[in-house]
Every structure is written in structure tokens, then in C-alpha cells.
Amino acid sequence: MRRIFSPDFTLTKRQLGFILSASGVLLIVIMLAAELLDAQSGGFGMVQQLGVVVGVLSLVAGLALLPLGSQPA
Amino acid sequence: MVPQPALSTQAARLDLGAWISRILWALALLLLAAHLIVYVVYAIGLMRFPFDYDQGEGFELVDTILFSQGEWPYRDNEVYPFYASNYPPLFHVILVPFVWVFGPAYWYGRLAGFLGTLITATAIGWAVQREGRHRAVPILAGLAFLASNYVYHVGPLFRQHMTMVMFETLSVVVLAHVTTITDTRRRRRTMIIGLALLLAAGYTKQLAVATVIAVFLFLFVRNPRRSVIWGVGFAAVAGGLFLWINWATGGEWWANIIAANVNTYFPSQFVGLFRQWVSLHHVLIALSALFVAYELYFARLSLYSIWWVAAVANTALSGKWGAGDSYFATAIAASCILSGIFLARTLRGAWTFTPTPITRRFAAVQRWGAAHTPQIVAGAGVLVPAIYLVYGLSVIHLPTEGAIFGPLADRLGLESSYGERYAFYDAAGWVEGYATIGHIPTQQDIDAGWEIVDRLRADPRPAMSEEAAFSLHADKDVVTNPTQLKNLYENDLFDPANLIAAIRAHDFSVIVFRAQFYPPPVLDAVYEAYYPDEVIEMNGFNYEIWQPGPDRAVRDAAAAWLADPAAGEALTHTLDLPGEQAQRWLAHLLARHGWERVGPLNQPGCTADAYQQAQITIRAALCPSDPGTALTLAQDAG
């Protein structure tokens with residue numbers, strides 16, 4: 001943590017990849033959980049579909065960044 | 001020495017390519033300059049129009065007037081004049097000196113919005129010039145912003161939206177390189193200026209929150225420590241201002257700015273607008289997306305790219321009730337910058353790729369690119385202006401009337417997209433949430449506006465108007481901000497009892513409707529106490545003038561009788577309305593209670609009609625009386 005908040009620390013491509021992938025997974029889980037928690041809402045709505053699409057995009061973009069290692073983001 | 005045939009052919013080909021390139025550059029510049037001329041003419045046309053052109057403009061003027069008098073527009077909606085604003089203050093505060101000098105008027109607010117778009121376009125051009133180092137592309141990138149159908153729509157309106165976009169763009173342009181400034185004092189100064197512009201954007205309109213997020217995400221990616229330190233400072237200033245205004249307005253700031261903006265969301269509206277946005281700006285969007293992907297995998301992420309992603313994501317809010325195409329303006333500004341940098345870099349053959357596992361896989365492609373740079377640059381010389389040309393053609397919009405635009409539209413074979421309603425061709429077509437504006441108001445529209453003002457001036461009481469201009473011109477209080485009341489009512493934050501009581505007591509001389517965007521109980525009270533007397537068309541919209549009906553005792557008696565006509569004897573009353581008005585009121589009353597007109601009845605000296613509902617037929621008669629008109633409702637029509 002101390003390193004992250006040092007004056008010369010910059011996020012790497014790999015770290016950004018982890019953040020994007022985790023955000024994507026979180027978004028997908030939220031969209032699916034919303035369906036499970038409120039099954040009577042009338043089906044998997046447009047907002048949920050959009051959320052899943054954005055989540056998948058974020059996950060894929062993040063995973064593709066992981067091989068770039070310590071390059072600055 | 002005789003030149004080699006192969007070289008001569010190649011030279012001729014290059015020469016031809018250069019000529020095609022020059023012609024395309026000239027055409028692209030001409031087309032986008034023509035868009036600018038249309039925009040300027042439209043802006044001047046709106047500045048000369050003294051009434052609301054777009055719904056809600058007048059309330060922004062009212063906010064400005066209130067600030068000029070040292071009053072907050074964030075007030076209790078439940079007491080007279082039942083008015084409050086749902087926008088932050090900066091745009092209105094900027095315009096306060098104009099109120100002091102010129103009094104209440106629409107032109108300076110529209111001028112400010114228009115100038116804001118010109119400043120934004122200049123900032124876009126400047127950013128592209130700084131990053132792309134090319135002479136023509138920055139001009140086209142700036143003009144591309146002004147050519148957008150969406151920017152055209154909202155730019156010259158008395159609305160704070162484009163001023164917000166201006167502050168957002170200036171902030172991003174100022175902060176784009178802040179992390180690379182090595183001189184600490186200069187870096188701090190740049191940061192303070194950039195964040196002050198960002199704060200200005202947020203206090204112009206709440207929608208700037210996406211740009212705030214983008215800026216601090218960028219700072220976080222570059223250096224989390226700096227992001228947190230400056231973020232805390234920014235939050236302290238922005239939050240402090242927020243708390244101070246909330247304290248000064250007794251909590252009305254929170255209710256009107258935040259709570260009232262939680263509106264119903266229509267996903268289909270967002271999807272429709274998003275598709276339309278893509279169909280109009282496809283070339284700029286595709287290039288921007290490519291540039292973001294390039295920076296993500298082959299270079300460092302710039303603030304422009306992060307801003308673009310945040311701005312595009314923020315367009316999702318365009319699905320809110322009351323939102324529309326203007327919510328895409330920030331994304332358009334960001335697209336113009338990114339696509340401009342992309343194209344300028346291509347023209348200069350200045351793409352660089354950081355060595356990574358990905359770039360190593362495409363080493364052969366890179367080698368080929370490096371070996372053919374002159375050909376790529378020459379091809380780009382044709383392709384880049386062609387791209388702007390395609391864009392300029394896809395966003396065509398043009399008034400189809402007037403000394404110049406009329407013949408021009410005929411020549412181009414463009415007809416009004418709105419038929420007889422008003423003269424304006426728009427390649428965008430129409431989707432839910434897209435503003436049906438863009439035409440230039442005519443003298444007829446101005447005359448119609450003054451006609452409505454005359455209706456308000458005919459009575460000393462205040463009027464309840466869905467647009468503020470009529471009350472302002474008639475020197476009357478501006479009563480109600482309809483959409484604000486509707487939003488608050490739908491969030492259980494507005495009790496309409498006092499307003500309903502005022503309507504039922506005929507406290508207002510007339511009620512002017514355009515879209516009836518009031519809470520349902522308020523509309524119901526108007527339907528009960530007033531009647532539609534006439535319709536005046538202005539700007540392609542029907543303005544309904546509702547006049548007070550008879551007094552409450554008569555209305556209550558008539559309503560009770562109509563609810564159960566078989567229970568009592570005939571109802572007779574003298575109405576304090578002349579014959580024609582009494583007829584309009586009676587027709588409205590009966591229709592409102594579900595009675596259908598069957599046909600006329602013969603009653604000498606009177607106007608009598610038979611009405612029917614569920615097998616019951618009644619006679620409704622109006623006879624001249626001194627004073628007023630005598631009303632009879634009886635169940636003896638058959």
C-alpha cells in the first residue's frame with residue numbers, strides 16, 4: 001500500500017488489467033444477482049443486458065492487458 | 001536525360017493523388033464551413049426570438065433574474081409562486097450582469113450558449129493541434145463538433161448544458177499533460193486551473209460528474225497519491241460549496257437539485273438515442289474507439305481516452321425522463337478530439353508502438369508500415385479529408401425556408417422532416433427523446449407569442465403558464481416550474497394541496513399549456529376549474545389558453561348532478577360567462593364527465609344539445625341571460 005501511494009508510483013498495464021477484469025466480473029455478477037433477487041421484475045431487462053455486455057467487454061479488455069506486465073498504464 | 005517511364009508514371013500518380021487530396025480537403029472544409037454558417041444563422045434567428053424556443057428555457061431566465069435580485073432559485077415549491085430551479089447556479093450567475101444592464105431577455109443566454117460552443121470547438125482544435133501537430137485537421141475537428149446535429153440543437157439555447165461542456169472540455173485540455181510537468185509550481189498551478197474549470201462544469205450542470213470521474217481516474221492511473229490528495233481537496237471545496245448552499249436555502253438545494261432529478265428511466269429511449277448518435281457520428285466514434293484501444297495496449301492512456309470512455313458511458317443517462325440528445329454533447333466533444341489526434345497522427349506517419357508481447361507478434365506488420373510510411377501518408381492525404389466529408393454529409397441539417405435556405409434546400413432536394421409543422425430538414429430523423437427543434441422561428445411565431453402575452457395582460461391576476469416568457473413579458477409573477485413539480489411529486493417531495501386550492505379558487509387569470517407536464521392532481525384541478533378557450537400555434541406547438549370556468553359552487557353543483565342525473569330535478573344556474581365561452585366550458589365539463597354529444601335539440605333562443613352516457617340521455621341548454629348565460633341540465637332530452 002505504501003508503494004502505491006509513493007510519489008513516483010504509476011499503475012501498470014497488468015494492474016489496470018486486474019482492475020478492469022474484476023470490475024467486469026463484478027458488473028456481470030450484479031446484473032445476474034439483480035435477476036435472482038427480483039425475479040418478478042419481468043425478465044432480464046434491457047439495462048441488465050447492457051450491463052452484462054459492458055461487463056464482458058471490461059473483462060475481456062482487462063484480461064488482454066495482463067500479458068503486458070509492468071508497462072506503465 | 002530522358003526520365004525512366006516507371007518513375008514518370010509514379011510521379012504522375014503521386015501528382016494525381018495530391019490533386020485529389022487537395023480537392024477533398026477543400027470540399028471537406030467547405031462542407032463543414034457551410035454547417036457553421038447554418039449554425040450561425042440559426043443562432044441569430046433564436047437570439048431574435050423573444051419567447052421560449054425549447055421547453056424550459058424561460059425558467060433558466062427566471063433563475064438568472066432571481067440571482068440578479070440576490071435571491072436563491074432553490075425554494076419551497078409548496079407556496080406561491082410554486083417555483084424552484086433544478087439546476088446548479090453558475091450559468092445563471094454568469095449572466096446576472098446582463099439582467100442588470102438589459103433587463104430580462106432571452107438573447108444573452110442564447111448568446112452565452114452559442115459562444116460556449118465556439119470556445120469548445122476552439123479548445124478541441126487546440127488540443128488536436130497540440131497532440132497531432134497538423135494545420136488542417138484541428139480546424140476540421142473543431143468544425144466537426146459544431147456540425148453535429150446535437151450541438152446545433154442545443155448550442156444557441158438559453159440553457160446551461162453547452163456551458164457545462166465548454167468547462168469540461170477546457171478542464172480536460174488543461175489537465176491532459178499535468179502529470180508530465182516536472183516543475184512543481186507550474187504543475188500545481190495547472191492542476192488548480194484545471195480543477196477550477198472542472199468545478200465550474202459541475203456547478204453549471206450535475207451531468208459533469210462523468211468528467212470529474214474521468215479526471216480523477218486519469219490522475220489515479222498516473223499516480224494514485226496525487227489523485228487522492230487532489231481528490232480530497234476537490235471534494236472539500238465542492239462539498240463545502242454544496243453544504244453552504246444547502247444551509248443557505250434551508251435544504252431546498254438538496255431537494256431541488258438532487259432528489260428532484262431522480263426520474264423514471266426509459267431504457268428504450270437511451271438505446272434509440274445511442275443508435276442515432278452512432279449512425280450520425282459513426283466515423284468519429286470508430287476512430288475514437290480505435291485510438292482508445294491503441295492507447296490501452298500500445299501506449300499510455302491519455303486523459304482524452306479516459307474522458308471519452310466516461311462520456312460515452314454517461315450517455316446512458318439520456319434514458320431519463322426529460323433527458324435527450326444533448327446528453328451526448330460531451331461524448332461528441334471527446335470524439336472530435338480523439339478522432340482528430342488519430343487522423344493528424346496518421347497524416348504525419350507518427351504512430352509509435354511500445355514494445356510489448358502484443359507488438360512483438362505484429363513485428364512484420366510494423367516493419368511493413370515503417371517501410372511504406374510515405375505511401376501510407378499519401379493515402380491518408382486522401383482518406384482523412386474523405387472521412388470528414390462523409391461525416392459532414394451524414395449530419396446534414398438545414399432550414400428549408402427563407403431567402404437563401406429555401407432555394408438551397410430545393411436545389412439539394414431536401415424537404416422538411418416535419419412536414420407542415422415547421423421548415424427544417426434533419427438527416428437524424430426522429431427517435432424518442434430527440435428534440436424536435438432546429439427550425440428558425442418566423443415573424444408569425446413572434447406575433448403568436450405576443451398574442452398569448454395579450455391574453456395574460458387582459459387580467460390583473462397572475463397567470464399559470466407552462467413557459468415563463470409570457471408572464472415575464474406581461475410583467476407578472478412566474479408561477480410554477482411544471483417539470484420540477486412533476487419530478488418532485490413523483491418522488492413524494494411535493495404536496496400540491498396549496499396549488500390545487502389556488503387553481504380551484506381561480507387565483508390565476510389564465511392557464512397556458514404546451515405539453516401539460518404538471519403532476520396529475522394539478523392537471524385534474526385545472527380540468528375541473530378552467531376550460532380550454534383557444535389554441536394559439538407558435539413554433540409548431542399548440543399553446544392552449546385555459547380560462548376560468550364558473551365559480552366553484554356552480555361547478556360543484558353541475559358535477560354532482562352529472563354524477564347522478566336521475567336522482568334530482570333539472571339543474572339551473574346562471575353562469576358569469578358570455579354565450580360562446582359558456583358553450584366551451586359546458587362542452588369541456590360534459591366531456592370530462594364522460595358524456596358524449598348526441599346531437600342538437602330545438603330550443604328557440606338557446607343552444608341546446610343532447611348528451612348520452614350509459615343509456616341515459618340528458619339535455620344541456622344555454623340561454624342568454626342578463627347578466628351572463630343561463631345553464632339548464634335536465635333529463636328530458638328524449
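I count two strands as paired if DSSP finds at least two bridges between them. The model I am reading is predicted.

**Entry 1**

I started with β3(B) and looked up its partner. Two bridges join β3(B) to β4(B), residues 511-513, and these strands run parallel. For one residue pair, I noted that Met464(B) has Ile511(B) of β4(B) as its bridge partner.

I then traced the whole sheet. It is open and has four strands in the order β3-β4-β6-β5 of chain B, with mixed pairing. β3 (464-465) and β5 (530-538) of chain B each have a single partner strand and stand at the edges, so one side of each lacks a neighbour in the sheet.

Next I checked which helices pack on this sheet. Helix α19 of chain B, residues 443-457, touches β4, β5 and β6 (541-548) of chain B. The direction of α19(B) makes about 155° with that of β5(B). Helix α25 of chain B, residues 579-592, packs on the sheet as well and touches β5 and β6 of chain B. For α25(B) the angle with the direction of β5(B) is about 105°.

**Entry 2: the five-stranded sheet, chain B**

I followed a sheet of five strands, which is open and antiparallel, in the order β7-β11-β10-β9-β8 of chain B. Its edges are β7 (571-575) and β8 (596-601) of chain B; each has a single partner strand, so one side of each is left without a neighbour in the sheet. I read an average twist of 20° from one strand to the next.

Within β9(B), Gln612(B) stands opposite Glu596(B).

Two helices were looked up here. Helix α24 of chain B, residues 552-563, packs on the sheet through contacts with β7 and β11 (629-634) of chain B, and its direction makes about 155° with that of β7(B).

**Entry 3: a helix pair, chain B**

I looked up α4(B), residues 107-132, against α14(B), residues 329-348; their axes come within 9 Å and cross at roughly 30°. Angles under 35 degrees count as roughly parallel, and α4(B) and α14(B) are therefore roughly parallel to each other. I noted the crossing as right-handed.

The contact residues of α4(B) include Thr120(B), Ile124(B) and Glu131(B), and those of α14(B) include Cys336(B), Gly340(B) and Arg345(B). By class, I recorded eight nonpolar, three polar and two charged residues in this contact.

Key: Residues are numbered from 1 along each chain as its sequence is written. Chains are lettered from A and ligands numbered from 1 in the order in which they are written. This is a predicted model: local features need pLDDT of at least 70, side-chain atom pairs count only at pLDDT 80 or more; totals for chains, interfaces and linings use all residues. Two residues are in contact if their C-beta atoms, placed from the backbone, lie within 7 Å. Axes are lines fitted to C-alpha atoms, for helices over the stretch in contact, and angles run from 0 to 180 degrees between N-to-C directions. Angles under 35 degrees count as roughly parallel, over 145 as roughly antiparallel, 65 to 115 as roughly perpendicular and the rest as oblique. A crossing is left-handed if the near helix is turned anticlockwise from the far one by less than a right angle, and right-handed if clockwise. Ala, Val, Leu, Ile, Met, Phe, Trp, Tyr, Cys and Pro count as nonpolar, Asp, Glu, Lys and Arg as charged, and the others, Gly among them, as polar.
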